[in-house]
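Have the sequence and the 3D view open while you read.

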Amino acid sequence: MEHIAIRQAAYYHPEKVVHNDYYLDHFKSRGKDIARFLQVMGREQRYIAAEGENALTMGYQAARKVLSDAGLASEDLDMIVFSSQTPEYTYPTNALLLHHRLRGKSRTITLDSNANCAGMVAAVEQASRYMQSNPHVRYALVVGSDLSSVNCNPEDEITLPNFGDAAAAVILERRAERPGFIDSLYYTDSDDCENIMFPACGLSNIYNPEMTPEQIRISWKPFDGTCVVEPAAADIEEVMRRNGLTLDDIAAFCLSQFSLKNIELICEKLGADMDKFIYVGDEFGYTGTSSPFIALQRGIEQGSIKRGDYIFFWSVGAGWQLPTVLFQY
């Protein structure tokens, strides 16, 4: 049996850094104190895209970096998957546009994937399972990139100071030897599927001249974000149990960087060591789909993730969809 390994990971972020002070002043002028909110979410700064940057351009930069670091050429790619909830175009696919920019070969499979903020974890899991069944795919490039800052309502203290812009890229490789992709589990609860919506008015209404920009931007109804903690911990425990692993076997948890509080609660629920949870949300803000894989690459750079380590990826998409994926790196 052949195995699907993570050969290389990389990320890209814009140059512009915006610190908390900007948002504290912005909302103070509107009579709102968001200091406690930023503390709970674990934010200190975030990277914001410059004019002309978008999910496709950031994804392209991350893709170039991961190919260079892996010592591969675009002609080596048998599959390109682009995960985004803010694709620059709905057609053609961002994967096709990325293939064009990279000058990929004609046999490359290209497709977009959208599971909202859970998208890149789901895309890596789906690409891994596809590669297990298709022996003609040796290398797959999975890119996750969201441009969220421009879609936030300037009057909304939940979204505007929380999001940052960035992209991540991963090269998956078919190998004869272990390690690699091990197992995955999905949890879906659609009862709150309308809490977060974009475009808020729906695509069919964006050309209505009566629509205001606020009716197009992200709609975010207040909710208890900790509702995902119980299923996250339960699914991680279930995947460990059915693979004969314990917490002592797991070297790192690369989770959604939506909030530091959720990561702390999941850690507490599991009874795990917080040092194993890679946190980058203080520097990057919340980058949506790419956030678990930025955490992966940062953990590799810091030396806390090494070859052979067991790693959990977990994320949450609006409404809710929760993929849990176990790799041996």
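Here is a short tour, one topic at a time.

## Before we start

This is a predicted model, where local features need pLDDT of at least 70 and side-chain atom pairs count only at pLDDT 80 or more, while totals for chains, interfaces and linings use all residues. Residues are numbered from 1 along each chain as its sequence is written, and side-chain values use heavy atoms, with hydrogens and water left out.

## The big picture

The chain has ten helices and 13 strands (DSSP runs numbered from the N terminus: H or I with at least four residues for helices, E with at least two for strands). Its radius of gyration is 19 Å, close to the 20 Å that the globule rule gives for 329 residues, so the chain is as compact as a globular protein of that length. That radius is taken over C-alpha atoms, and the rule is 2.2 Å times the number of residues to the power 0.38. Along the principal axes, the C-alpha atoms fill a box of roughly 60 × 45 × 35 Å.

## The sheet and its helices

Strands of a sheet pair through backbone hydrogen bonds, either parallel or antiparallel. Here five strands make an open sheet in the order 1-7-6-4-5, with mixed pairing (two strands pair if DSSP finds at least two bridges between them). Strand 1 (3-12) and strand 5 (109-113) are the edge strands, each pairing on one side only. From one strand to the next, the twist averages 15° (axes are lines fitted to C-alpha atoms, for helices over the stretch in contact, and angles run from 0 to 180 degrees between N-to-C directions).

Strand 6 (residues 139-146) and strand 7 (residues 166-175) run antiparallel and are joined by eight bridges. To spot one, find Leu141: its bridge partner in strand 7 is Ile171. Helix 5 (residues 119-133) packs on the sheet, touching strand 1, strand 4 (79-83), strand 5, strand 6 and strand 7, and its direction makes about 15° with that of strand 7 (contact means heavy atoms within 4.5 Å). Helix 10 (residues 291-302) packs on the sheet too, touching strand 1 and strand 7, with its direction at about 90° to that of strand 1.

## Pockets and a cavity

The largest pocket holds about 720 Å³ of space. It has 32 lining residues, and the closest to its centre are Gln85, Thr86, Asn116, Phe198 and Ile218. How is this found? On a 1 Å grid over the protein atoms alone, a pocket is an open set of points with protein on both sides within 12 Å along at least five of seven lines; a cavity is a set where a 1.4 Å probe fits but cannot get out; and lining residues have an atom within 4 Å of a point. Grid points are joined across faces, edges and corners, and a volume is the space filled by probe spheres set on the points.

The second largest pocket has a volume of about 240 Å³, and helix 2 gives the most to its lining, with three residues. The largest cavity has a volume of about 30 Å³. Its lining includes Phe258 and Trp314, and helix 8 supplies the largest share, three residues.

Most residues other than glycine have a negative phi, and most peptide bonds are trans. The bond from Phe198 to Pro199 is cis, with omega near -10°, and another cis bond joins Gly319 and Trp320, with omega about 15°. Arg103 is not a glycine, yet has a positive phi of about 60°.
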